[in-house]
Amino acid sequence: MDPGPQSPTFSQQRASPQKGRTAPRSGISWPPVRPDFRPLLFTLGAVALVVAWGTYLINFVFWVPAVLTQVARSKVLNSMKVPNLRKVLFAGEVMPTRHLNHWRQHLDSDVLFANLYGPTEITVDCTYHILEGDYDDNEVLPIGKPCRN
């Protein structure tokens with residue numbers, strides 16, 4: 001029996017174009033700072049990230065949701081555009097749908113968003129769910145289906 005055309009593996013789907021640039025996958029760490037200064041630092045950090053995306057033509061990010069949430073909370077995407085960003089992947093913790101929706105409202109409609117899941121935070125991802133359609137702000141995102149080897 002002919003299985004028909006094979007779908008690309010998730011690795012093939014999420015591969016960054018050869019001339020593309022990927023933002024670092026590591027988290028953001030802050031030196032000890034007064035608690036009342038933290039919101040300002042998070043906002044400045046988010047602005048710096050978005051400026052760097054435009055400067056270095058970043059088209060692919062793979063971060064923990066905490067970083068994506070800080071960018072959304074800063075509202076920097078309301079005034080700064082990142083037209084080169086084509087893929088946004090996240091793993092390691094639950095992505096708050098409200099902040100995901102903020103990202104989706106401010107990026108092009110054809111940007112790929114994917115929720116990944118694995119047994120050791122973001123070191124090994126074994127499932128993925130490509131986000132299509134709309135999600136309510138309080139909706140839980142599915143962890144998806146197994147990645148092909």
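The legends below accompany an overview and several close-up views of a predicted model.

Residues are numbered from 1 along each chain as its sequence is written. Local features need pLDDT of at least 70, side-chain atom pairs count only at pLDDT 80 or more, totals for chains, interfaces and linings use all residues, and side-chain values rest on heavy atoms, with hydrogens and water left out.

**View 1. Overview of the protein chain, with four helices and six strands.** Helices (H or I, at least four residues) and strands (E, at least two) are DSSP runs, numbered from the N terminus. The protein chain has 149 residues, and 35% of them count as buried (under 20% relative accessible area; exposed is over 50% and partly exposed lies in between, with a 1.4 Å probe and protein chains only). Among contacts (heavy atoms within 4.5 Å) with a separation of 6 or more, 69% join residues 24 or more positions apart. The accessible surface (Shrake-Rupley method, 1.4 Å probe; for residues, only the protein chains shown count as cover) is about 9300 Å², and carbon and sulfur atoms hold 56% of that surface.

**View 2. Helix α3 (residues 65-74) crosses helix α4 (residues 97-106).** Their axes come within 9 Å and cross at roughly 65 degrees; axes are lines fitted to C-alpha atoms, for helices over the stretch in contact, and angles run from 0 to 180 degrees between N-to-C directions. That angle makes α3 roughly perpendicular to α4 (65 to 115 degrees; under 35 is roughly parallel, over 145 roughly antiparallel and the rest oblique). The crossing of α3 and α4 is left-handed, meaning that the near helix is turned anticlockwise from the far one by less than a right angle, whereas clockwise would be right-handed. Look for Leu68, Thr69, Val71, Ala72 and Arg73 of α3 where they meet His99, His102 and Trp103 of α4.

**View 3. Helix α3 is mostly covered, and Lys75 follows just after.** Seven of the ten residues of α3 are buried: Pro65, Val67, Leu68, Thr69, Val71, Ala72 and Ser74. Lys75 sits in the loop between α3 and β3. Its phi is near 65 degrees, a positive value in a residue other than glycine. With a relative accessible area of 48%, Lys75 is partly exposed.

**View 4. Val82 is a buried residue of the loop between α3 and β3 (87-90).** Its relative accessible area is 8%. Beyond neighbours within four places in sequence, Val82 contacts Val50, Trp53, Leu77 and Leu107. Val50 is 32 residues away from Val82 in sequence, yet their C-alpha atoms are 7.0 Å apart.

**View 5. Val111 lies in the loop between α4 and β4 (112-117).** Val111 counts as buried, at 7% relative accessibility. Its contacts, leaving aside neighbours within four places in sequence, are Leu85, Arg86, Lys87 and Val88. The C-alpha atoms of Val111 and Arg86 are separated by 4.6 Å, although the two are 25 residues apart along the chain.

**View 6. Thr127 belongs to strand β5 (residues 127-130).** Here too the residue is buried, with 11% relative accessibility for Thr127. A polar atom of the Thr127 side chain lies 2.9 Å from the backbone oxygen of Ile143. Not counting residues up to four places away in sequence, Thr127 touches Asn115, Leu116, Tyr117, Ile143, Gly144, Lys145, Pro146 and Cys147.

Definitions and conventions:
Polar contact = N/O pair within 3.5 Å; in protein donor to acceptor, adjacent residues only side chain to side chain.
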